[in-house]
Amino acid sequence: MRFRSRKREAVYRQRRPLVAALLAERPICERCGTNPSDDVHEVVSRARSGSITNRANLMCVCRACHRWITTHPAQAEAEGFSAHSWDRDRWTTEREGMPE
C-alpha cells in the first residue's frame, strides 16, 4: 500500500526543492531570530487548506520554535505564526509583498 497518493507525491516533489531554497535564503529562525532554521512551517496548515508550495504561506523556523508553535496554537496565532483557513487569503496576500 502507498504511503502517499501519486497526486500528493507530485506536490511533495515540488516542495522538496522549495524547502531547500527557503532554508538557504532564510538561514535564521523567523520567530526567535537567533537559532539556525531547521524546519519550514506552514502558517495556514495543510489541515486548514493551506498550501505547502506557496512561499507566502511558509516560514523558516528552528526546531524549538516549530515545536512551540504547534504546542501553543492560541499564542502562535496571536503572534502571527499560525492562521485559520478563513484568514488564508489575507495572510498570503500580506506576506507576498514582503521581501525575501
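User: What share of the residues in the protein chain is buried?

Analyst: Burial is judged by relative accessible area, with under 20% as the cut-off. In this predicted model, buried residues make up 36% of the 100 residues in the protein chain.

User: In what order do the elements run from the N terminus?

Analyst: Read them along the chain. There are four helices and two strands. The order is α-β-β-α-α-α.

User: What part of the contacts comes from residues 24 or more positions apart?

Analyst: Take the contacts with a separation of 6 or more. Residues 24 or more positions apart account for 60% of them.

User: Now one residue. Where does serine 37 lie?

Analyst: Serine 37 sits in the loop between helix 1 (6–25) and strand 1 (39–42).

User: Why does serine 37 count as buried?

Analyst: Compare its accessibility with the cut-off, under 20%. Serine 37 counts as buried because its relative accessibility is 12%.

User: Which residues does serine 37 touch, leaving out those up to four places away in sequence?

Analyst: Among them are Leu23, Arg26 and Pro27, and also Cys60, Val61 and Cys62. Ile28 and Cys29 are touched too.

User: What does the side chain of serine 37 reach at 3.3 Å?

Analyst: Look for polar atoms, N or O, within 3.5 Å. The side chain of serine 37 reaches the backbone nitrogen of cysteine 29 at 3.3 Å. A polar atom of that side chain also lies 3.2 Å from the backbone oxygen of isoleucine 28.

Terms used. Residues numbered from 1 in each chain as written. Predicted model: local features only at pLDDT ≥ 70, side-chain atom pairs only at ≥ 80, totals over all residues. Heavy atoms only, no water. Buried < 20%, exposed > 50% of the residue type's maximum accessible area, 1.4 Å probe, protein only. Contact = heavy atoms within 4.5 Å. Polar contact = N/O pair within 3.5 Å; in protein donor to acceptor, adjacent residues only side chain to side chain.
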